[in-house]
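Please look over the sequence and the structure below before reading on. The report then goes through a few local features.

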Amino acid sequence: MARLGIIGAGHVGEIVAYTAALRGGYKEIVLYDIDEKRLDGVVSDLEDADRFYPHDTTVVAGDIEEVAKSDQIVVCSGRIPENAQRRDEYKNNYQDVTDYIPRVMAAGFKGIFVVVTNPCDAIAYAVWKSSGTDASRVIGSGTALDSERSRTIIAREFGLSADSVDSMMLGEHGDSQFLPYSQVRLHHVPFDRYIEEIERDVDKAKLEETVVYKGHRAFFGKGSTQYGIANTVNDILDAVHYDTKRTLQVSTLHRGEYGLKDVYLSTPCVIGKDGIERVIELDLTDEERKKYAESAEIVRSYIISDR
């Protein structure tokens, strides 16, 4: 069985580890955090649940060199500034990841990174640049969670099961993400045709806004988001670990898709044992392509050039 490394034992890292243990895919989970007291507490708490995991899973605290021995590493360290501004958050987290990622690589890591640290797209780009590995092996969690939010919200709006809704969010994992209605299907019926058939008026902009700001509700209510992102990250990890070739909306380096290059942004990607194995460019409307390009510029605006 595989070994999972997690950098950052805060609210997200802790629940990512717990969810991974509950899914039973890893023999060992090693966590690293600069806050050694919290790290010890998290590991101790996770150990207490050992008998309830489906398989024997050892949870340990380790340094960067121990984390580097993992098959996959989840990057979820982070410092949120007092002003909660993404640009300042990027500066803090950029400094951190560009310090420890080269150390991870120097210790021999050859696996897949899953990047959660915000701003996710810009930090995934920084992890790619500072690691020197192929971009296919650096996956940003991106709008995978936001896409699940869209399915849940649309399903509730129309009184459907979320399994009957096919929808996604594209672009930045942030306020510039958007809901491409051209791609939405309800019971496999295109969105506009569906609402016409049921004779229902829908405020598309308001529905999209509800999805975009859904994470704010959890963050400002309890100070973090945990459960949705933990399961989202583990879906990505499972796709790699079990080589499922699953398609998820994750952040990846663009090499000409949508006319964009040298930027991490979310679009559907096929994920397997080698990381991102195919980047899918959707047939978007002209308006949606414009939103996509604008979202890319928002991500670029965060990036500190290290070239």
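## Basis of the model

This is a predicted model, in which local features need pLDDT of at least 70 and side-chain atom pairs count only at pLDDT 80 or more, while totals for chains, interfaces and linings use all residues. Residues are numbered from 1 along each chain as its sequence is written, and side-chain values use heavy atoms, with hydrogens and water left out.

## A parallel pair

Strand E2 (residues 26-32) and strand E3 (residues 58-61) run parallel and are joined by four bridges. Helices (H or I, at least four residues) and strands (E, at least two) are DSSP runs, numbered from the N terminus; two strands pair if DSSP finds at least two bridges between them. Opposite Ile-29 stands Val-59 of E3.

From E2 the chain passes through helix H2 (residues 36-48) to reach E3, a right-handed β-α-β crossover. Right-handed means that, with the strands pointing away from the viewer, the path from the first strand over the helix to the second runs clockwise.

## An open antiparallel sheet

An open sheet of three strands has the order E7-E8-E9, with antiparallel pairing. Strands E7 (165-166) and E9 (189-190) are its edges, each pairing on one side only.

Two bridges link strand E8 (residues 185-186) to E9. Leu-186 has Val-189 in E9 as its bridge partner.

## Glu-208

Glu-208 belongs to helix H8 (residues 204-212). Leaving aside residues up to four places away in sequence, Glu-208 touches Gln-177, Phe-178, Leu-179, Tyr-181 and Lys-291 (contact: heavy atoms within 4.5 Å).
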